[in-house]
Amino acid sequence: MNAEILCVGTELLLGDVVNTNAAYISRELAACGIGCYYQSVVGDNPDRLSDSLGLALSRADMVITTGGLGPTYDDLTKETVASCFGLEMELHQPSLDRMMMLFSRGGRSFTKNNEKQAYMPRGATIFENDRGTAPGLAVEKDGKTVIMLPGPPGEMTAMFALQVKPFLESRSSQVLRSRSLSIFGLGESAVEDVLHDYMVEHTNPTIATYAKTGEVQIRITASAPDAAAAEALMAPMVEEVAALFPDHVYGVDTENMQTALVSKLTEKGRTIAVAESCTGGMIAARITEVPGASAVFLCGVCSYSNQSKMDLLGVERNTLETFGAVSEETALEMARGIRQRSGATIGIATTGIAGPSGGTAEKPVGLVYVALSTAEGEKALELRLGRAYANERELIRNFACLNAMHLALRSI
């Protein structure tokens, strides 16, 4: 079975609303073993909606729409689907009763146009809306299915998880499961070059690479009659692929670098503190956004000026005068200072020139030093990150953060 996603709403075409619904539905379809080959967005226009729906049904067994189920005159998804399937619209009394109860409970007046939300194509399967007033629904005819969901993401995701997913799973004989390996320090082309033969030779599970900012994700996906069988297919492949990148895989099924770092610190009973110059608190912010970080993150110091590096971190004046604030020597003293003053087992530091100004021929924009200090030893990396990108400053700071966290992970 394959599906197509059709998101309805002029606000999506105008860019006023970010279309997160399609990404969510795509992931859920994959988990149900349903392929998705096309996604479309169409405005609140009945003719264009009808054309888009007809095209989608011509190439998919199932179409999932979001939006256009509300009470206003331009909410026409149900009416368009009913017309396409040759079905009459009729009042669904339980939906109307529930809607009126919700309005009464909230102390709101029930206006006549709200009744529109309770009219459904005859024979539709109804999905109650626990977060709003517009029900969802599914229509099936001649081997084709259209599932219509509300547009607001909070309403749509709750309805999908509780009602639509069981509906879909009952109609699919296979499930898809995926595992992901997170790679840092290699580009997508380098990763794909190593994996090329695996990607060509293996069809179940499959292997694919995806580029992220500063990282590469390797996704291994298996199709099987049930989740346990799919996991069994993937397990040996995950181990085999991870072994190809021993210095670069930082996590399996890990959301991001900071989550991996907090998890590893917790597992090993380590603590960390950070001293930041060019990253300006970004590392501390990322680590502390992870639940449970309070058990392993002791403190962060944002030391932009030379004086603050001396006063707060104990960097020697002679080091700054001899080597400069942007230097390996300063970075190491920053990392050592934050570790010793905080009592953490790991100290990491960043100092560099994020630009767009401030660079010289000797120390260009993008020159960053990342340092690590532990009781067992210290290490510093020199990074040359300047590439004259449009958003160069943000990219330099982001790559500095990733390198610092990865250095800490490798030390553990």
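Let me start with one side chain. Leaving aside neighbours within four places in sequence, leucine 102 is in contact with Arg108 and Gly132. This is a predicted model, by the way. Leucine 102 sits in helix H5, which covers residues 93–105. Buried or exposed, or something in between? Leucine 102 counts as partly exposed, because its relative accessibility is 23% and buried means under 20%. Now take Gly132 again. Glycine 132 is 30 residues from leucine 102 along the chain, and their C-alpha atoms are separated by 8.8 Å.

Next, alanine 3. Alanine 3 belongs to strand S1, residues 2–8. Its relative accessible area is 2%, so alanine 3 is buried. What does alanine 3 touch, once neighbours within four places in sequence are set aside? The contacts are Leu29, Ile34, Gly35, Cys36, Tyr37, Tyr38, Ala60 and Met62. Threonine 145 is 142 residues from alanine 3 along the chain, yet 9.1 Å separates the two C-alpha atoms.

On to the nonpolar cores. The largest one has 55 residues. Which members touch the most others? They are Leu261, Ile272, Ile283, Ile287, Ile348 and Val368. Helix H14, residues 392–411, gives the most to this core, with 9 residues.

Let me zoom in on isoleucine 287. Not counting residues up to four places away in sequence, isoleucine 287 touches Gln258, Leu261, Val262, Val274, Ala293, Phe297 and Met405. Leu261 in that list is, like Ile287, among the core members that touch the most others.

Now a helix pair. Two packed helices are described by the angle between their axes and the distance between the axes. Here the pair is H11, residues 306–313, and H13, residues 328–342. The angle is about 35°, and the axes are 9 Å apart. Who meets whom? From H11 we have Lys309, Met310, Asp311, Leu312 and Leu313. From H13 we have Thr330, Glu333, Met334, Gly337, Ile338 and Arg341. By class, the contact of H11 with H13 has 5 nonpolar, 2 polar and 4 charged residues.

Last topic: empty space. Rolling a probe the size of a water molecule over the atoms shows where such space is left. Pockets first. The largest pocket has a volume of about 510 Å³. Its lining has 18 residues. Nearest its centre lie Arg27, Ala30, Ser178, Arg219 and Thr221. Which elements give two or more residues to the lining? Helix H2 (21–31) does, along with strands S2 (35–42), S9 (175–184), S10 (206–212) and S11 (215–224). H2 gives the most, with 5 residues. By class, the lining of this pocket has 9 nonpolar, 5 polar and 4 charged residues.

Then cavities. How many of 30 Å³ or more does a search of the whole structure find? The search finds 1. About 30 Å³ of space lies in the largest cavity. Its lining residues are Val8, Gly43, Asp44, Asn45, Pro46, Leu49, Gly68, Asp74, Asp75, Leu76 and Thr77. By class, that is 4 nonpolar, 4 polar and 3 charged residues.

That's my tour. Over to you.

Technical notes: Residues numbered from 1 in each chain as written. Predicted model: local features only at pLDDT ≥ 70, side-chain atom pairs only at ≥ 80, totals over all residues. Heavy atoms only, no water. 1 Å grid on protein atoms, 1.4 Å probe; cavity = no way out; pocket = protein on both sides within 12 Å on 5 of 7 lines; lining within 4 Å. Points joined across faces, edges and corners; volume = space filled by probe spheres on them. Nonpolar A, V, L, I, M, F, W, Y, C, P; charged D, E, K, R; others polar. Core = buried A, V, L, I, M, F, W, Y, C linked by side-chain atoms within 4.5 Å. Buried < 20%, exposed > 50% of the residue type's maximum accessible area, 1.4 Å probe, protein only. Helix = DSSP H or I, 4+ residues; strand = E, 2+ residues; numbered from the N terminus. Contact = heavy atoms within 4.5 Å. Axes fitted to C-alpha atoms, helices over the stretch in contact; angles between N-to-C directions.
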